[in-house]
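Hi everyone, thanks for coming. I'd like to walk you through one structure today, so please have it up on your screens.

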Amino acid sequence: MRIENKTYRFYSLFLCFVVSMPLHFQFSILNFPFLIILCTRAIYSEVHSMEVLKIGSTGPDVKVVQSLLNRAAFNAGTVDGVFGRQTQQAVMAFQRLFGLSADGVVGAATWAIMEKYLKGYDVYTVRPGDTLYRIARNYGTTVRDIVMANPGVNLAFIYPGQRLVVPYWIEVVFTDVDYTYDEMVRDIEGLKARYPFLETGIAGKSVLGKNLYYLRLGRGPKEVFYNASHHAIEWITTPLVMKFAENYLKAYAQGTSLRGYDIQKLWDQVSIYIMPMVNPDGVDLAIRGLTRDNPYYSQLLQWNRTGQPFSKVWKANIRGVDLNRNYPAGWEQAKAMEPSLGIRGPGPTRFGGPYPLSEPETQAVVNFTKMHNFRLVIAYHTQGRVIYWTYQNLTPPESRSIAEAFARASGYEVSNVPYEASYAGYKDWFIQDYRRPGFTMEVGSGTSPVPLSQFPGIYNENEGVMLLGATL
Ligand SMILES: [Zn+2]
């Protein structure tokens with residue numbers, strides 16, 4: 001059941017105004033344009049895809065709630081996506097703490113509070129007698145973190161009615177949950193609030209109109225590009241680059257180093273561009289499954305003839321095009337291979353599309369690449385713990401030594417590309433058009449989708465690779 005509807009939005013908006021108007025007129029605490037922004041933002045960001053969760057509910061949103069409750073020390077048990085007794089007890093304890101009726105159901109009111117925690121910050125209105133120290137203590141955070149989240153604000157003189165961004169103590173990027181598009185959007189918003197110097201943008205839109213976000217870490221003239229989740233069931237690569245972004249931002253903000261790298265120095269030398277989710281429609285299909293409201297509902301049922309759920313097999317975008325076989329680099333050769341691979345049209349994998357760059361996602365990645373001057377690119381995939389670094393005879397000579405350095409940093413093997421995957425991928429196109437180092441990193445072991453239990457290992461193996469890539 002979803003409570004995302006227009007009536008609800010209207011009433012919430014109305015209520016927000018009713019509550020805030022007296023503040024505006026009697027005390028001039030809120031000026032009018034700010035009030036409008038505040039209300040519409042509050043409604044639109046919080047109502048977004050909330051689902052009522054209760055005992056018996058299952059799925060990715062349950063995992064998010066469990067992970068959050070555990071982090072806030074309410075002990076919801078294993079993060080397994082099944083809303084059982086223990087999760088219910090934890091929800092009730094959470095509700096009691098916030099003065100809500102403790103019914104153990106995650107409805108609109110409970111979600112509204114949880115959303116703030118998930119984004120990792122609250123907007124606090126200063127009250128008479130407040131001090132920064134007291135606010136920080138009440139939120140369990142530090143004065144330093146509040147200062148960081150409010151640049152350009154003179155915090156030596158805070159005054160009643162002033163609105164401050166107050167970050168919570170918990171980390172923004174959760175890595176034990178199924179990382180949907182919504183999760184990524186929430187985390188990008190959370191990172192921006194906590195680290196306002198983070199630059200983000202939108203490089204294009206997916207077939208279903210989702211934003212293809214990018215993040216820029218650093219301000220330096222040298223540019224590198226890391227992207228993830230070209231392939232739907234390989235979505236574990238998205239929290240990989242998102243967690244890297246969070247740790248990089250934190251190190252920069254706190255003036256600490258990361259694996260011996262001086263991030264303050266690196267920040268001025270390099271711009272690390274990250275596109276965390278190239279294929280958001282496919283990722284959501286793989287995580288949430290096929291729902292009736294999908295405009296490709298009936299086609300997708302036909303295109304997936306594997307007898308397996310989408311969560312196990314779907315790599316393509318929502319039109320059944322394998323994005324990493326859609327780039328204009330030997331596209332015709334890849335196409336010619338399709339019949340022998342049993343590919344006859346749109347499907348879970350290996351269909352290269354009707355023509356090169358037929359998909360908005362690959363167009364966006366290519367346009368984004370052309371707008372920059374990338375010294376090096378890494379496309380993150382799963383699995384095999386292997387590094388691909390060549391494209392035909394066009395690979396620049398330095399690629400080998402860089403691949404070997406990545407291998408030393410990660411413990412992965414350097415390998416030649418298997419024949420059936422040797423064309424029309426992003427790194428192939430990058431190497432062909434720029435004659436610069438481009439890599440495909442295949443993270444994790446076993447079969448895709450690699451389980452989240454591998455995340456800590458995968459992160460540990462690749463943090464050094466992403467740092468090294470920025471310095472080469
Ligand atoms: Zn892949």
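Let me begin with a term: two residues are in contact if their C-beta atoms, placed from the backbone, lie within 7 Å. Helices (H or I, at least four residues) and strands (E, at least two) are DSSP runs, numbered from the N terminus. Please keep in mind that this is a predicted model, where local features need pLDDT of at least 70, side-chain atom pairs count only at pLDDT 80 or more, and totals for chains, interfaces and linings use all residues. Residue numbers start from 1 along each chain as its sequence is written.

Now, the overall picture. The protein has 18 helices and 12 strands. Of its 472 residues, 42% count as buried. A residue is buried if 20 or more other C-beta atoms lie within 10 Å of its own, exposed if 12 or fewer, and partly exposed in between, with C-beta atoms placed from the backbone. Among contacts with a separation of 6 or more, 74% are between residues 24 or more positions apart.

How about confidence? pLDDT is the predictor's confidence in each residue, from 0 to 100. The mean for the protein is 91, and 89% of the residues reach 70 or more. Over residues 1-8, though, the pLDDT is below 50, and this stretch has 12 contacts in the model beyond near neighbours in sequence. Residues 37-48 also stay under 50, with 18 contacts beyond four places in sequence. Where pLDDT is low, the predicted coordinates should not be read in detail.

On to the helices, starting with H8 and H9. Which residues in H8 meet H9? They are Met184, Asp187 and Leu191, and their partners in H9 are Thr238, Met242, Ala245, Glu246 and Leu249.

Two packed helices are described by the angle between their axes and the distance between the axes. Here, axes are lines fitted to C-alpha atoms, for helices over the stretch in contact, and angles run from 0 to 180 degrees between N-to-C directions. H8 and H9 pack at about 5 degrees, with their axes 11 Å apart. That makes the pair roughly parallel. The cut-offs are under 35 degrees for roughly parallel, over 145 for roughly antiparallel, 65 to 115 for roughly perpendicular, and oblique for the rest.

H9 itself covers residues 237-254. Its 18 residues reach 26 Å from first C-alpha to last, close to the 26 Å expected. That expected span is 1.5 Å times one less than the number of residues. Of the 18 residues in H9, 14 are buried. Gly255 follows the helix with a positive phi, near 70 degrees.

Next, please find H3, residues 60-71. This helix has 12 residues and reaches 17 Å, close to the 16 Å expected. Its buried residues, including Val62 and Leu69, pack against H4, H5 and H8. What is the angle between H3 and H5? Their axes cross at roughly 75 degrees and come within 11 Å, so the two are roughly perpendicular. In this contact, Val64, Val65 and Leu68 in H3 meet Met114, Tyr117 and Leu118 in H5. By class that gives six nonpolar, no polar and no charged residues.

H11, residues 280-288, also belongs in this picture: eight of its nine residues are buried, and the buried ones pack against H3, H8 and H13.

Is Gly120 buried or exposed? Gly120 is buried, because 23 other C-beta atoms lie within 10 Å. Gly120 and Arg194 are 74 residues apart in sequence but 7.8 Å apart in space, C-alpha to C-alpha.

Finally, some backbone details. Most residues other than glycine have a negative phi, and most peptide bonds are trans. Ala73, in the loop between H3 and H4, has a positive phi near 65 degrees, and counts as exposed because it has 8 C-beta neighbours inside 10 Å. Arg259 has a phi near 50 degrees and is partly exposed, with 13 other C-beta atoms within 10 Å. Cis peptide bonds join Thr382 to Gln383 and Ser448 to Pro449.

Conventions: Ala, Val, Leu, Ile, Met, Phe, Trp, Tyr, Cys and Pro count as nonpolar, Asp, Glu, Lys and Arg as charged, and the others, Gly among them, as polar.
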